[in-house]
Amino acid sequence: MAVREAGPEVAQPDAPRRHPVVEWLTTTDHKKIGIMYMITAFVFFLIGGLLAMLVRTQLMFPSGLFPLNTYNQLFTMHATIMIFMFVMPITVGIANYVVPLMIGAPDMAFPRVNAFSYWLFPLGGIIVLSGFASPQGAAQAGWTSYPPLSEHLTAGSSPGWGEDVWVLGLLVLGVASLLGAINMLVTIFKLRAPGMTMYRMPIFVWTFMVTSILLVLALPTFSAALMALFVDRNLGGHFFDPAPGGGGAILYQNIFWFFGHPEVYILILPSMGIISEVLPVFSRKPLFGYRAFIYATLAIGMLSFGVWAHHMFVTGASYSPFFSVMTAAIAIPTGVKFFNWTATMWQARIKMTAAMYFALGFLLLFLIGGVDGVFLGSPPVDFQLHATYWVVSHIHYVLFGGAAFGIFTGFYYWWPKWSGRFLNERLGKAHFWFWFIGANLAFMPMHIDGLEGMRRRVGTYLPVFADLNRISTVGAYLLGIGALIFVANVILTARTPRTAPDDPWEANSLEWATTSPPPPWNFTSVPRIRSERPVRDMRLAAATAAEAVAAEAASPDGEGQA
Amino acid sequence: MTKWLSAAPGRRLARLAGRAILCSLVLLTVTSCAPVTITRNGDEVHHLWMAYLIAAIVVMVLEGGAIIVFAVAFRARRGRRDDGSVPQIHGHNRLEVTWTVIPAILLFTLLGFSLHEYEQVNANPAPAMTVNVTGYQWQWSFAYATGTGKSLHVTEQAKGQDQGPVLYLPVGEPIRFELRSADVIHSFFVPAMFYKRDVIPGRVNMFTQVLDPSSAGHRYPGACAELCGMFHGDMRFTVAPLTQSAFQAWLNSERSRQAKTTSCSPDGTHLSLTAQSNHFSSTCLAAPAGKPVTIAFTNKDSGTPHNVAIYSSPAATKVLFRGQLAIGPKTVTFHVPALPAGTYYFRCDVHPTAMHGTFVVK
Amino acid sequence: MSSQTDQVPGRLADGMPPVVLGVVLFVASECVFFSALFAAWFTARARSPQWPPGGIQIDPSLGVFTSALLVLSSVVVAFAEYALRRQDTAGMRRLLWLAVVLGLVAVLGQGIHLGGLPFTISSNGFGTIYWTTSAIDSAHVLGAVVFALVVLARSAAGRLMPSLMRGAAVFWHFVVGVSVFTFLVLEVLT
């Protein structure tokens, strides 16, 4: 077991200096690991985004552009990359960097396990992507990979090893996520600074804690399903054999969605947490209903285990009324969060930074994604909308408008803390407008063509849908331009001097109480924690002290105002 | 604590919300005429969808409007100093309970309508006829079981390459669909019915629908809605509702047409067959009895797989020969073993309803 | 320094040590993993006209033997942990080595049992799930043995944290529990 005590005694100031490359490759510093997570995940995001552009290019034309099996690889790998190699690991990266800081800890509980989890991530990603080198191409059965299709692409033909490396790579990524989640939970439970009680933790720490619990309890079923697919494909197994005596095709869907629905919350909860950090800071107000928000997060976590078969209404193989009741129930805490966020802005003095733009974009886009998802929770309505572009629209409003906007909110917000430099605000706002307009252009028309029967995962479609699809494609290209603006922003500001102070936003949580970027082991001294906004308390105390000094200086002869 | 609720921005918000609801009602009238439904269940589900849409628009306008109005109204303005006068509101219990309970009532009311409608859609009245639907990669096969005589297979292809087989159905009476899969999961989806149901191997799914009389004489697209491999997108069919008398007439003529057997005579042991635009160049092939023959098979459909497989009968239960799939453009030679004299059936396994014929051995 | 204490200076000193908490969380996820396998088992069983199919007979005697060995090893590990708590490092090592030997013999027994089965992983759904679950179960016993060996190695190097021993013990007991449960489901309750 790679266990090392996290503590300042491990840092030896007189240790021989290592080459920076060696230093980064062997680091166990949670901040460096967090940055490596984010860089790796961002590279995968660019690859996945490129695939999305290709998918949308195919759909400019009703009869398509690429060979159909290539097209199936494009959308399968786009979803796989975005879910498992972008959103999940990048939130892990952000949490890796900021959670120990937020709770006043010097590092994660198990720094070497942390490094190990990170290195499994690029390994698993490369294994999944290596499928493109297979003669039959990469996995092409969709990210849900339903058997029997994922076991025999065409009856009687060899399915190639693209699907096998997809399975193996995701198993590796699963182990990485599981170890990371356990590490995060132990860190949150055991390494909080004195005074940092559970109900003083920043909301981001809460949401990431629930995310980690969901990972620990949901991910193993996915690993089991992947392993069973592997046995069926390579050892002649009958786990999902539709014939009597096998487990049947529906078994996979039950196991997969038992993981798959908590997974949706694994993807969105960290972004909800980021928004709950950023909105109060730029509103100059506390989060409205801190406790209610925590209870809503816990309720979502619990209910997310009871809604999985709402993905299976049209199979006719699940008891739909139960799952639709649970689905309606899980919408309530999500609604509560919206009202809390909105009320936080009431009578505020909102500072319109790029981070705040993205946070507002999150609220508006995720609201659409939440509302159009409620339709899908009604079994009869789902009979029409299931597996159409309505669902594609819904997941993109939730995962792009929600998760990705939340992630980029975090980028603009924490960038000075991570790098010591500010991102260019004007470019950041340009990035926002490209993404906000692009997302609505790309995903809003999908509601209409989905309702009218445009199916998802098709490379060719009826010409009546061509106009709506072209609007979506234009929107997707705008998203691509927005991503390039972000890359340009990072490159252009990388040469500017490190001017960021400790607390540029007048923020609330502990990561702003140390330098930007923080030193090894994070804090020279941790401030006193007496509320959920310790850095604000510190700032107010300092202001009061300064006033007292000024008043004293001013009182004798009216000078000292300068 | 309630004082801040009655502040000026609240009134402005209320006025704005009222105007937005008005606008959305206009929008609603526009969208409500969008999709056509051809079943009674479909009509009702469509109305249910509209109820959800109204609720969604109200929520979008109120909550989305609040976000935008707050963001604009409460932004920091240049020249106004942050003098720390921002009220530090930590919460408001009564308000929070209210906005938990009201959405809950809304959601569960809608859910009540949904579950009622779910019962309606799932009701299984005694059917006047049953259609056996089989999905396989990447085609549909339909057979009518009308109670009298043996079942009738659909052989007609809709015009145009991608419309698939035509499913004629009588209006005004309950039709039961029994769904089976020969390979992977498919999904039987007719957007105009506002309905789909998965076609799952190892399981028989069924549902009953009554077509609206006004749909008779029109044609509606249907397709597979569950990813089933390379040609999933092209796995289409066409629903063609007919009046009950027209349907009976069609059924009788189709039955007598299929009863006539096509025939042809053998001419040597080297046969040739071409596939183009998802059709065979010949619907009758003949071979001498007891001698192996070769079929020079040319697939001219670029990117589309075809093959030739010979079965003992159109039911395609017993395979006599199966040629491998050839993705066009490509020419392959199939070596068919010696067969005893008889009348057999050949088809392309990928497109069995469009590409088939009689294989005569004399 | 770190060999003597579990606690990070200045951190919460109460409750479970971090390593033990980590192992407990890992065990929780393992339970979910095995639940998925058993869900597959019972689904296939419900879909099968006859269970086990084709009148397969399994001789449970080897399973009884390995299960008994594993339960015994669990007791031994508990005593090893107790010995460490009394600062009896030598006793802890002796007992832990005994547990390792018992675990390895049990895995050997499971291997012999699998080798003599009248069906393979590709025979039918029964065979697939039986083989997969058994193989994963044996792999877990090996995992527990490796964990114990790490504890022994650290102890030999004089760098053993008591909490690591506790973590190894928690994992060992879990593995034994799963193993016995697997035996009951696959062989006794069929």
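This is a short talk on how the chains of this structure touch one another, and on a few side-chain pairs inside it.

Okay, some ground rules. This is a predicted model, where local features need pLDDT of at least 70 and side-chain atom pairs count only at pLDDT 80 or more, while totals for chains, interfaces and linings use all residues. Residues are numbered from 1 along each chain as its sequence is written, chains are lettered from A and ligands numbered from 1 in the order in which they are written, and side-chain values use heavy atoms, with hydrogens and water left out.

Let's start with chain C. Its secondary structure comes to five helices and zero strands; helices here are DSSP runs of H or I with at least four residues, strands are runs of E with at least two, and both are numbered from the N terminus. So if you read along the sequence, you get α-α-α-α-α. Taken along the principal axes, the C-alpha atoms of chain C fill a box of roughly 60 × 30 × 20 Å.

Now, how does chain C meet chain A? The contact takes 46 residues from chain C and 43 residues from chain A, where contact means heavy atoms within 4.5 Å. The size of an interface is often given as the accessible area lost when the parts come together. Here chain C and chain A bury about 3500 Å² between them, with 72% of that on carbon and sulfur atoms. That buried area is the accessible area, with a 1.4 Å probe, that two parts lose on being put together, summed over both.

Which elements of chain C give two or more residues to the side touching chain A? They are α1 (18-46) and α4 (125-156) of chain C, and α1(C) gives the most, with 16 residues. By class, that side of chain C has 27 nonpolar, 14 polar and five charged residues. For the classes, Ala, Val, Leu, Ile, Met, Phe, Trp, Tyr, Cys and Pro count as nonpolar, Asp, Glu, Lys and Arg as charged, and the others, Gly among them, as polar.

Between chain C and chain A there are zero salt bridges, a salt bridge being a side-chain nitrogen of Lys or Arg within 4 Å of a carboxyl oxygen of Asp or Glu.

On to chain B and chain A. Here 87 residues of chain B are in contact with 87 residues of chain A, and the two chains bury about 7300 Å² between them, 70% of it on carbon and sulfur atoms. F74(B), W99(B) and L227(B) supply 9% of the area that chain B buries against chain A, more than any other three residues. This interface has zero salt bridges, but 22 residue pairs in polar contact, both at pLDDT 80 or more. Several elements of chain B each supply at least two residues of the side touching chain A, including α1 (8-32), β6 (186-190) and β9 (220-224). That side has 54 nonpolar, 17 polar and 16 charged residues.

The domain assignment, which is automatic or from a database, gives domain 1 (3-67 + 95-122), domain 2 (129-259) and domain 3 (270-361). Between domain 1 and domain 2 of chain B, the contact takes 13 residues from domain 1 and twelve residues from domain 2. About 1000 Å² is buried there, of which carbon and sulfur atoms give 64%. I38(B), T39(B) and V121(B) supply 53% of the area that domain 1 buries against domain 2, more than any other three residues. The count between these two domains is zero salt bridges, with three residue pairs in polar contact, both at pLDDT 80 or more. On the domain 1 side, the largest share, six residues, comes from α2(B).

Last stop, the rings. The count comes to 110 aromatic pairs over all chains. Rings of Phe, Tyr and Trp (its six-membered ring) pair if their centres lie within 6.5 Å; planes under 30 degrees apart count as stacked, over 60 as edge-to-face and the rest as tilted. F44(A) and F121(A) form a tilted pair, 5.6 Å centre to centre with 55° between the planes. F44(A) lies in helix α2 and F121(A) in helix α4 of chain A, so the pair ties together parts that are 77 residues apart in sequence.

Note on methods: Polar contact = N/O pair within 3.5 Å; in protein donor to acceptor, adjacent residues only side chain to side chain.
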